[in-house]
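Here are some friendly notes to read alongside the model.

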Amino acid sequence: MELNSRIPDGPIENKWEKHKFDLKLVNPANKRKYKVLVVGSGLAGGAAAASMAELGYEVECFCYQDSPRRAHSIAAQGGINAAKNYHNDGDSVRRLFYDTVKGGDFRAREANVHRLAEVSNNIIDQCVAQGVPFAREYGGLLDNRSFGGAQVSRTFYARGQTGQQLLLGAYQALERQIGLGAVKMFPRHEMLELIVVDGVAKGIVTRNMVTGAVESHVADAVCLATGGYGNVFYLSTNAKGCNGTAIWRAYKKGAAFANPCFTQIHPTCIPVTGDHQSKLTLMSESLRNDGRIWVPKRKEDCGKPASQIPEEDRDYYLERKYPSYGNLAPRDISSRAAKQACDEGRGIGATGRGVYLDFEASIKRLGQNKIEERYGNLFEMYERITDENPYKTPMRIYPASHYTMGGLWVDYNLMSTIPGLFVLGEANFSDHGANRLGASALMQGLADGYFVIPYTIGGYLASIKPGSRIKVDDPVVKATEQSVSGQINRLFSIQGKQTPDYFHRELGKVMWEYSGMGRTEAGLKKALELIPQIREEFWHNLRLPGAGEEVNQALETAGRVADFLEIGELLCLDALNRRESCGAHFREEWQTGDGEALRDDENFCHVAAWEYKGDGNAPVRHTEALSFESLHLATRNYK
Amino acid sequence: MSKHLNLTLHVWRQKNATCDGKFVEYPAENISPDMSFLEMLDIVNEGLIRKGEDPITFDHDCREGICGTCSMVINGRPHGPKERTTTCQLHMRSFKDGESITLEPWRAEAFPVLKDLMVDRGALDRIIAAGGFVSVPTGSAQDANALPIPKENAELAMDAAACIGCGACVAACPNASAMLFLSAKVSQLSLLPQGQPERYTRVRDMVAQMDAEEFGTCTNHGECEIACPKGIKMENIARMNRDFIKASLTYRPAVAGGGGAG
């Protein structure tokens, strides 16, 4: 397997301009002769489908939700970064580029990140023009706030619902194209296999989630924008339906899977209350603009109500350890610091796995009205879930699985190692390295969808003869379809005793315990023993109700869990092989004297991309060296 | 730790759009008050699967009140008893031990039942496709700060834009009207300068689509506002009606454009 990143030559500031000029174009009259499939309708998929249809390509878009408006991008709360420098505080494309590479602990590709920073400003322009109601100042201009890992205010926001508003902007652009007949939308359709003909991606097989029909769709190119695999931990901030099936099936058809161990644990989520828990809810990072994180200095105080712990007995540990970034330290660092405090026995709440996020000082300084204006909906959401009023008592928070930086390997054109298969947004690996900064996921999803793929897809399609698409009754297509039906029948034939969720929970426990915030060689080896055992039990003891030819939510879950049981194993294998700590990947064997991640640039300054070698065979680890030409490879310091 | 609850569920079961449905009774036992409503249903469903019975089908996804997927009528109220709260954010502490709970799908001509509590809300997407957008192809935007927008207008637009498209307003309305949903989008875009060029064609096209989808008409009952989990106000309907009347009075059929020189 060859990993050719196709990074253009020249100075970093000019690479994208040069590349856009060098890419071949498809003539306007020929565009309608090409069909592109977009799987997923979130920020990346929705934006891509709409933008490519506007260009004139024939587009089909698929989502498992009942409407493209419900993709999980909608749940992003805090904001979206852009290097507008509207606030004159020293921001620039270069600074956003630098912050993102540094935030990712120097494990991302420089050229991709620079392009991301360059197009960030176009995204804000585009969204405002669509009618996205961003927060504004009294003069009518756009407001900004700060997010972790940055010392400038560059985050644009729409209350605590930025993802919702950006997604609705993309959704409306998409619906416009659907209304014009330029995009055919397939809601309640789940992609279950990639069709590959002679090594080239030519279509997908889907299951219609209402009728159960297994159907093939052929095209000239396929774009996966299916999000991350964070639900491998069972409990996460992802939606219940979020899954890794599309990217996993592509991996098993030859797409390299890069850095699966780079998974982000978000520091501020509502803590687990019991075994019944089905998902975890994020409390936006933006709250750290005005909230202060603390635990009691002494273990003995942990049982007391927060109000009875005087100021001098509180440990504002982020402010103490990272004075220059304070409560806005990056996510990986903040999460580990919370774990450390709880490991020391200083955690709060019934389970002892929690820390306070306290707004008392800000309410005193700014008044409750101001805090309500900024975060009202988040405070309400917190109260609904916990039955506690965060204006009166501090929030209790704890880290939870949130985002996956790893994903399918892509080159500079966002094409995977399978020609014709493009991967966008969280589903790819390219921009966030080993840790993503807050408010950068929305930026990347929309950058890929609005401003990268519309250019790069043309470069690929221009090399294909118009009208050379394979037919839907091609033997390869039929064989792929049959393999999907075969897998569904296999799931029904087990007739065991346990529910799909049972296996998912079991997997989640192993993943969180051994491959969560702290990883060790022994723990990862243990996980690599346990996961195949759970998988074995799954294939012998799963029970599915009903039939495949109807609405069957248990079948949908079972298919996704079957893939998570394999993804989890690759994740642990990657974590075991990356013998360093970097960003969110924390190997306890590699840490500095004061508990910070210790990178090994000599041996691991690379992307690890895994190649599937068949069931029962070990996958092969390839590497793409990362070179830092524009930035100096430095140790991260947020102190 | 508060006491666990034992409840009786009366659930609408319907195999598909063409079959008749009926209520079936299920016990929900040993339910923690800290559970969400959907987690309670998860437990009931896992029990049903283990017994070899068909679990209750219901739509859900983000489980944090923003995606708008969850949709059921609980004891006669869309999204249940708690104001401004989606079903997924409803917690069992809102119920008493021994209580009976009735679960039904959204009921509206325009929302056919697909199975049990799951309905097809594609009609709402088609209303947006008819005009709920600003026609701005990617790449054609000016600088975001080139056009200041009064903060008050931006806030009012955001209030309207908070709609999650769940359809509770339709389910609550005695006429099954989609006016609150439609007016929220019309209002958002009418309040912003970017929405002005298409302001009057938008409202006409969206209303025409709503009528084609067999939603009922609005007779100002106000049930929609009470049921809305996001606090969308009826003032949006008033704003929309103003635009719609003006649009109807000033409507001129589009004239086909010429070919241009060259």
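1. Let's start with a turn in chain A. In the hairpin formed by strand 6 and strand 7 of chain A, two residues sit between the strands, and Asp198(A) has a positive phi near 50 degrees. Strands here are DSSP runs (E, at least two residues) and helices are DSSP runs too (H or I, at least four), numbered from the N terminus. Please keep in mind that this is a predicted model, where local features need pLDDT of at least 70, side-chain atom pairs count only at pLDDT 80 or more, and totals for chains, interfaces and linings use all residues. Residues are numbered from 1 along each chain as its sequence is written, while chains are lettered from A and ligands numbered from 1 in the order in which they are written.

2. Strand 7 (residues 200–208) of chain A is mostly covered, with seven of its nine residues buried. Buried stands for 20 or more other C-beta atoms within 10 Å of a residue's own, exposed for 12 or fewer, and partly exposed for values in between, with C-beta atoms placed from the backbone.

3. Now for the domains of chain A. The assignment gives domain 1 (15–262 + 405–461), domain 2 (266–401) and domain 3 (479–603); such bounds come from an automatic or database domain assignment. Between domain 1 and domain 3 of chain A, the C-alpha centres are 25 Å apart. In their contact, 32 residues of domain 1 of chain A meet 35 residues of domain 3 of chain A, where contact requires C-beta atoms, placed from the backbone, to lie within 7 Å.

4. Which elements supply the domain 1 side of chain A that touches domain 3 of chain A? Strand 6 (189–197), strand 8 (214–218) and helix 7 (245–252) of chain A each provide at least two residues. Strand 6 of chain A has the largest share of that side, four residues. By class, the side holds 17 nonpolar, eleven polar and four charged residues. The nonpolar class is Ala, Val, Leu, Ile, Met, Phe, Trp, Tyr, Cys and Pro, the charged class is Asp, Glu, Lys and Arg, and the others, Gly among them, are polar.

5. On to the interface between the chains: 64 residues of chain B are in contact with 63 residues of chain A. Helix 1 (37–50) of chain B gives the most to the chain B side, with seven residues. That side divides into 29 nonpolar, 18 polar and 17 charged residues.

6. Helix 6 (residues 162–179) of chain A packs on helix 2 of chain B at an angle of about 85 degrees, with the axes 7 Å apart. Axes are lines fitted to C-alpha atoms, for helices over the stretch in contact, and angles run from 0 to 180 degrees between N-to-C directions. The two helices are therefore roughly perpendicular (65 to 115 degrees; under 35 is roughly parallel, over 145 roughly antiparallel and the rest oblique). Among the residues that meet are Gln172(A), Glu175(A) and Arg176(A) from helix 6 of chain A, and Asp125(B) and Ile128(B) from helix 2 of chain B. The contact has four nonpolar, two polar and three charged residues.

7. Chain B has domain 1 (5–114) and domain 2 (121–137 + 146–250), with C-alpha centres 28 Å apart. Each of these domains of chain B brings 18 residues to their contact.

8. Chain B also has an open, mixed sheet of five strands in the order 2-1-5-3-4. Strand 2 (22–31) and strand 4 (77–78) of chain B are at the edges with a single partner strand each, so one side of each lacks a neighbour in the sheet. Strand 1 (residues 5–13) of chain B runs antiparallel to strand 2 of chain B, joined by eight bridges, and Trp12(B) has Phe23(B) as its bridge partner.

9. Finally, is Ser71(B) buried or exposed? Ser71(B) is buried, because 25 other C-beta atoms lie within 10 Å. Ser71(B) sits in the loop between helix 1 and strand 3 (73–74) of chain B. Beyond its neighbours within four places in sequence, the contacts of Ser71(B) include Asp59(B), Trp106(B) and Cys166(B).

Conventions: Two residues are in contact if their C-beta atoms, placed from the backbone, lie within 7 Å. Two strands pair if DSSP finds at least two bridges between them.
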